[in-house]
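Please read this briefing beside the sequence and the coordinates.

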Amino acid sequence: MKKFLSILCMVLGFESIYAQRVVDTGFVNEIKTKQPFIYANTKAHRLKLSLNSIHVQDEIFWLGFSVRNKSSLSYPVDLIRLFTKDNMVTKRYSVQELDIVPIYTDAPNTIPAKSTTKFVMAVPKFTIPETKSCYLEMFEANGGRNLELEITNDALFFAKNVSVPVDSPGDTTTLDNELIKQQEYNITKAAIRGSRFIQVYKAYRYGKRMYLSCMVSNSWKKPFGFSGIKINWQKPDGSTEPVNTRMEANTLETYKPYSRREFVVSFPLIEPKQGDWLEVMFQSSPEYKLHDFMIRFNTRELREFDYVNRNASNLTITKNIGNEKN
């Protein structure tokens, strides 16, 4: 059912709520572990669905939910839906329902028997008109144990501010990286070593950082990997200045035979002068006995990095499904 709905959404041009990607596991876990301060819940079929917390970051609501399964049967989740609908409807008019498409969710596929599972859902910030109500529905796959939880304006007004932690040098799985991946191709730079190659095909400026979206392809029968990524700023006088680099967590994972993977590398904004070069060195792991991959950007190319205008309410996140093909 999930796969069918995802394909249908793609065909119709909508974002599927199942096409989600982990944003920052540390931040999400922090939301889950915070002390509950909203006590909205619904019970049925020895199941309890609760809204525990609402946090707001920029223009995004982070909703913390939990599901307690007191029965001896596991609960396979088919669909979780957040929507608003009209309160009072006369016989002449039908009920109008409007889905609120999540920006992110780590909703589970199954709630094991005799257990409690927590999950987080991020949605564009909203309020509920007096003539409407807001509900979260959870449907059981191949079953009838469905749950419906009402979310009121009072609960939304209790939302607490929260900030996303600053990325560590080795992990930048953030909303910004996902935004870069959704931009159009605007550059072509590549480095090749036999049947393995690295291509940089998106280069953007956003905020105070510059972003490179890279694709690594391994068309050989043996795996390989990187030990790190080093960026140097080469100046006309011959001096070299290292640049602090951030990358996604999966960048340094092993690249399986006949696979490919996309990742984002970012570094502080550079205002290049004539004659400057930027060298991006993808350092091969010693055990694979490969030369390093190098990609260079000259002054003109650095100045032509496109700017990104981000609208948080329209931000969508795509799950990394099938990026790595065996």
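Across the strand pairing, W233 stands opposite E241 in β16, and N232 has P242 as its bridge partner in that strand. This is a predicted model, in which local features need pLDDT of at least 70 and side-chain atom pairs count only at pLDDT 80 or more, while totals for chains, interfaces and linings use all residues. Residues are numbered from 1 along each chain as its sequence is written, and side-chain values use heavy atoms, with hydrogens and water left out.

**The hairpin and its sheet**
- Strand β15 (residues 226-234) pairs with β16 in the antiparallel sense over four bridges; strands are DSSP runs (E, at least two residues) numbered from the N terminus, and two of them pair if DSSP finds at least two bridges between them.
- The two strands β15 and β16 make a hairpin with five residues between them, and G238 in the turn has a positive phi of about 95 degrees.
- An open sheet of four strands runs in the order β16-β15-β19-β20, with antiparallel pairing.
- Its edge strands, β16 (240-243) and β20 (293-298), each pair on one side only.

**N218 in strand β14**
- N218 is found in strand β14 (residues 209-218), and it counts as buried because its relative accessibility is 1%, where buried means under 20% relative accessible area (1.4 Å probe, protein chains only).
- The side chain of N218 reaches the backbone nitrogen of W220 at 3.2 Å.
- Leaving aside residues up to four places away in sequence, N218 touches S195, R196, P223, F224, Y255, K256, P257, Y258 and S259, contact meaning heavy atoms within 4.5 Å.

How values were computed:
Buried < 20%, exposed > 50% of the residue type's maximum accessible area, 1.4 Å probe, protein only. Polar contact = N/O pair within 3.5 Å; in protein donor to acceptor, adjacent residues only side chain to side chain.
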